[in-house]
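Let us walk through this structure step by step. Keep the sequence and the 3D view side by side as you read.

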Amino acid sequence: QSSNGPVKKSMREKAVERRNVNKEHNSNFKAGYIPIDEDRLHKTGLRGRKGNLAICVIILLFILAVINLIITLVIWAVIRIGPNGCDSMEFHESGLLRFKQVSDMGVIHPLYKSTVGGRRNENLVITGNNQPIVFQQGTTKLSVENNKTSITSDIGMQFFDPRTQNILFSTDYETHEFHLPSGVKSLNVQKASTERITSNATSDLNIKVDGHAIVRGNEGVFIMGKTIEFHMGGNMELKAENSIILNGSVMVSTTRLPSSSSGDQLGSGDWVRYKLCMCADGTLFKVQVTSQNMGCQISDNPCGNTH
């Protein structure tokens, strides 16, 4: 460059200068390099906790896919879905589910007001493998076992003929009087609450218990019959707030009552003896025996002058 202006270079000089600049640039690897902290750079992709979370989601989806495959195979094997449809059951538009083959099920939960039945000309066979068959709806339960069939309900039960709609047996005592069905001779209950228990005019009413029998009435207990007999292996206890009235001939069998030999003296040992006495109006009272051939005439007997 001179005072008169820039010096013009020839084409050869320009080419040599360009070649030298390119050669220096290609050999200088630090040209344009600026030191930068990598922690401050913007990182792309899933790193750290996000990467671990993505791996967990992928594993969870894989497990769900395996479970779905197992359920699909089980449904396919049990329901037997084939090219022609389902081989073991049929679904109808009316909501009917029909099993066409023998089915092995544990617990069935039908919908509200559902019906379980068989074909018109075939029997419905339900079998329990060493287990009772239980039908339950709310608190009502029907259990069928090898040696007995039991029905329990807190709200009552009713049996009727589906064809004639005639009531065969009902526990609705306010509308229907309780009668045992035809052919049933005994009724086994643990507790019964009723106003009256009676038998037919030509048969006896027998009440038998294995342990204790308690008969309680809120307004009294009245036992009436041509002949009333009590047979018990233990004690018999009569309790009343006001009085106990025995109307009729009263007979007590002394075969099971304790007795003493004729040689025993009165008052010997720990025995205290009483005599049971009855007034003309049926009132019972006891008198302690203090001497032989003692009667019922005592100063404070409840019968007054007539006893």
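Predicted model: local features only at pLDDT ≥ 70, side-chain atom pairs only at ≥ 80, totals over all residues.

Lysine 141 stands opposite threonine 152 in strand 7.

Now look at the turn between strand 5 and strand 6. This hairpin has two residues between its strands. Glycine 138 takes a positive phi there, near 70 degrees.

Stay in strand 6 for one more residue. Serine 143 lies in this strand. Is serine 143 buried or exposed? Its relative accessible area is 8%, so serine 143 is buried; the cut-off for buried is under 20%. Leaving out residues up to four places away in sequence, serine 143 touches Pro132, Ile133 and Val134, and also Lys148, Thr149 and Ser150.

Next, step back to the whole chain. The protein chain holds two helices and eleven strands. From the N terminus, the order is α-α-β-β-β-β-β-β-β-β-β-β-β. The chain has 307 residues, and 6% of them count as buried. Consider the contacts with a separation of 6 or more. Residues 24 or more positions apart account for 5% of them.

Backbone angles come next. Most residues other than glycine have a negative phi. Asparagine 130 is not a glycine, yet its phi is positive, about 55 degrees. Asparagine 130 is found in the loop between strand 4 (97-99) and strand 5. Its relative accessibility is 79%, so asparagine 130 counts as exposed. Glutamine 165 also has a positive phi, near 60 degrees. Glutamine 165 lies in the loop between strand 8 (158-160) and strand 9.

Follow the chain into the loop between strand 9 (167-170) and strand 10 (274-278), where leucine 180 is found. Leucine 180 counts as partly exposed because its relative accessibility is 35%. Leucine 180 and leucine 168 are twelve residues apart in sequence, and their C-alpha atoms are 9.3 Å apart in space. With residues up to four places away left out, leucine 180 touches Lys185, Ser186 and Leu187.

Valine 221 lies in the loop between strand 9 and strand 10 too. At 41% relative accessibility, valine 221 counts as partly exposed. Isoleucine 244 is 23 residues from valine 221 along the chain, and 9.8 Å separates their C-alpha atoms. Which residues does valine 221 touch, not counting those up to four places away in sequence? They are Val215 and Arg216.

Now turn to strand 10 and strand 11. Strand 11 covers residues 284-288, and five bridges join strand 10 to it in an antiparallel run. Leucine 276 has lysine 286 of strand 11 as its bridge partner. The hairpin of these strands has five residues between them, and glycine 282 takes a positive phi near 95 degrees.

Lysine 286 has another contact to show. Its charged end sits over the ring of tyrosine 274, 4.7 Å from the ring centre. As for aromatic pairs, the structure holds zero.

Finish with the nonpolar core. The largest one has six residues: Cys277, Cys279, Phe285, Val287, Met294 and Cys303. Take phenylalanine 285 from this set. What does phenylalanine 285 touch, not counting residues up to four places away in sequence? Its contacts include Cys277, Cys279 and Cys303, which also belong to the core. Among its other contacts are Lys275, Leu276, Met278, Cys296, Ile298, Asn301 and Pro302.

Note on methods:
Residues numbered from 1 in each chain as written. Heavy atoms only, no water. Pairing = 2+ DSSP bridges. Helix = DSSP H or I, 4+ residues; strand = E, 2+ residues; numbered from the N terminus. Phe/Tyr/Trp six-rings, centres within 6.5 Å; stacked < 30°, edge-to-face > 60°. Lys NZ or Arg CZ within 6 Å of the ring centre and 35° of its normal. Buried < 20%, exposed > 50% of the residue type's maximum accessible area, 1.4 Å probe, protein only. Contact = heavy atoms within 4.5 Å. Core = buried A, V, L, I, M, F, W, Y, C linked by side-chain atoms within 4.5 Å.
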